[in-house]
Amino acid sequence: MIERGGRTWSVLDAGTGRLLGNVGVPRVAPADGVAEVGYWVAPWARRQRVAARAAVAATKWAFAHGSGRVELMTDVRNTPSQRVAIAAGFVRESVRTSAGTDRDGSRTDLICWRRLPGDPDGPSKRLLPDLRPRVSPTESSSSVRPFPATLRVCWSVSGTRRPSAGCSSRVS
């Protein structure tokens, strides 16, 4: 259940009324028709799709109130939040270098995710394996195949299709 409180809502357990988190649309640029969704989830409510459902509800609210685009920003190191963006149907658009601030005041990069009114409901498609795989403490990450040791590197001379004299067949 989401209780409305301006552009910020408390997310409560429908059965107990216990606070699970918060979701909001903290930034709205009416001139551009762009809104931004933000959320947090209490530790006891994580991994239950609370954030994804809340982000979907806030996004629908933003579209219903005139936004033509909704953005969601995640720290490049925050894999759980990136999974929320995908589950809520957001599409990864770009990385904004040094656009965020860490708790210690240092700058950090943010991933910009977006949703448009015509985007299909449900999770967005991941075009690349862009998130770290979940590896349990008992599993070894050495099962990932290493990148090939040799590569073929060639380029063409400007305006022609023939390789340049600097083309090396293999690079180690």
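## Briefing on a predicted single-chain model

S98 lies in strand β6, where strands (E, at least two residues) and helices (H or I, at least four) are DSSP runs numbered from the N terminus. This is a predicted model, in which local features need pLDDT of at least 70 and side-chain atom pairs count only at pLDDT 80 or more, while totals for chains, interfaces and linings use all residues. Residues are numbered from 1 along each chain as its sequence is written, and side-chain values use heavy atoms, with hydrogens and water left out.

**Overall fold and surface**

- The chain holds 2 helices and 9 strands, and these follow one another along the sequence as β-β-β-β-α-β-α-β-β-β-β.
- Of the chain's 172 residues, 33% count as buried, that is, under 20% relative accessible area, with exposed meaning over 50% and partly exposed in between (1.4 Å probe, protein chains only).
- Among contacts (heavy atoms within 4.5 Å) with a separation of 6 or more, 46% join residues 24 or more positions apart.

**The largest pocket**

- The largest pocket contains about 1100 Å³ of space, a volume being the space filled by probe spheres set on grid points that are joined across faces, edges and corners.
- A pocket here is an open set of points, on a 1 Å grid over the protein atoms alone, where a 1.4 Å probe fits, with protein on both sides within 12 Å along at least five of seven lines, and lining residues have an atom within 4 Å of a point.
- Its lining has 36 residues, and Y39, N78, P80, S81 and V84 are the ones nearest the centre; the elements that give two or more residues to this lining are β4 (34–41), α1, β5, α2 (79–87), β6 (91–101) and β7 (107–115).

**Individual residues**

- S67 sits in the loop between α1 (50–64) and β5 (69–75), and S67 counts as buried because its relative accessibility is 8%.
- Leaving aside residues up to four places away in sequence, S67 touches G33, V34, A35, A62 and P117.
- S10 belongs to strand β2 (residues 8–12) and counts as partly exposed because its relative accessibility is 27%; S10 and A54, 44 residues apart in sequence, are 9.5 Å apart in space, C-alpha to C-alpha.
- S98 has a positive phi of about 55 degrees although it is not a glycine, and S98 is partly exposed, with a relative accessible area of 31%.
- R49, in the loop between β4 and α1, is not a glycine either, yet R49 has a positive phi of about 65 degrees.
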